[in-house]
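Trainee: I would like to take a close look at a single part of this model, and I would be glad of a careful, connected account of its setting.

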Amino acid sequence: MIEDESRISSLGYPLEYHHINVLIVGENQIFLELLGQYLSSFKEISTTGRSHPSEIKQNLLIKPDIVLFVEGCNFQGIKREFLNVKKSFPDSKIIFLSTRGDIEEMELTIIKKGARGFLCTKDSLKTLVKAIKSCYVGEIWASRKSTTKVIDDLKNKKMIKEEKVEGLTRQEKRVLILLTSGFKNAEIAEKLFISEKTVKTHINRIFKKIKVSNRLQAALWASKNLVNSN
């Protein structure tokens, strides 16, 4: 599923969404309240609370599925505050909402530090809802440029363990290579002269065989293990 040419989500098949608990963290309480009211208008989303970054310890009993971290005016301390939120809610998926214009470097930094999603204020509220749903089911919501950079960095640093690829069929390897290159399911189907349903079946089998749950993880695995694979 691709939001547009620059936004990707990392699963290629539909999933049922459950009730998603969202904690909103940020400095502007009026903005947070309005944002919470909007998100709560969706039956599958519930805002479990709002918190200022300095008061995050008061919300440790909350077990949110998603932490929506809204960047404030304190740009110098934003990385420290983000890491504090990540440490406070290790089992939650964090989406970072940037309020600044020069987001490219910030996005890459935040994704590397563990955010599952990154948006900026030019994104629509509908896009935010899509990002929350996508991250909830294990996807990464970030620009194609940043995810590619993360993959390249991990590949260069050899951070991925060796895995055998004999379990993948030749066709599954072709699908995985195209998937890693950023092609949508429909595009993969067209290139391999198979149906989109067959592509989804291949992707499901690939994920199970290489023990990953989304497209980004599959791309990371492939960047290491399919480099010299036929």
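Which exposed residues does the face of helix α8 carry where it is turned away from its buried side?

Mentor: That face of α8 carries K197 and K208, where exposed stands for over 50% relative accessible area, buried for under 20%, and partly exposed for what lies in between, with a 1.4 Å probe and protein chains only. Before going further, note that this is a predicted model, in which local features need pLDDT of at least 70 and side-chain atom pairs count only at pLDDT 80 or more, while totals for chains, interfaces and linings use all residues. Residues are numbered from 1 along each chain as its sequence is written, and side-chain values use heavy atoms, with hydrogens and water left out.

Now to the helix itself. Helix α8 covers residues 196-210, and its 15 residues reach 21 Å from the first C-alpha to the last, close to the 21 Å expected at 1.5 Å a residue; the expected span is 1.5 Å times one less than the number of residues. Its buried residues are V199, H202, I203, I206, F207 and I210. Seen down the axis of α8, these buried residues fall within an arc of 135 degrees, so they line one face of the helix, the arc being that of the directions from the helix axis to the C-beta atoms. The cover over the buried residues of α8 includes α6 (170-180), α7 (185-192) and α9 (215-225), where contact means heavy atoms within 4.5 Å. Just after α8, K211 takes a positive phi of about 60 degrees.

One of the covering helices, α7, contains N185, which counts as buried because its relative accessibility is 6%. The side chains of N185 and R215 are joined by a polar contact of 3.0 Å; such a contact is a pair of N or O atoms within 3.5 Å, and within protein one must be able to donate a hydrogen and the other to accept it, with residues adjacent in sequence counting only if both atoms are side-chain atoms.

Buried residues make up 49% of its 230 residues, and of the contacts between residues at least 6 apart in sequence, 71% join residues at least 24 apart.

Elsewhere in the model, I111 sits in helix α3 (residues 104-112) and counts as buried because its relative accessibility is 10%. Beyond its neighbours within four places in sequence, I111 is in contact with G117, F118, A142 and V150. S92, in the loop between α2 (78-88) and β5 (93-98), is likewise counted as buried, at 14% relative accessibility, and its side chain reaches the backbone oxygen of P64 at 2.6 Å.

Finally, a word on confidence. The protein averages a pLDDT of 79, and 81% of the residues score at least 70; pLDDT is the predictor's confidence in each residue, from 0 to 100. Over residues 158-164 the pLDDT is below 50, although this stretch has 14 contacts in the model beyond near neighbours in sequence. The pLDDT also stays under 50 over residues 1-17, for which the model has 60 contacts beyond four places in sequence.

Conventions:
Helices (H or I, at least four residues) and strands (E, at least two) are DSSP runs, numbered from the N terminus.
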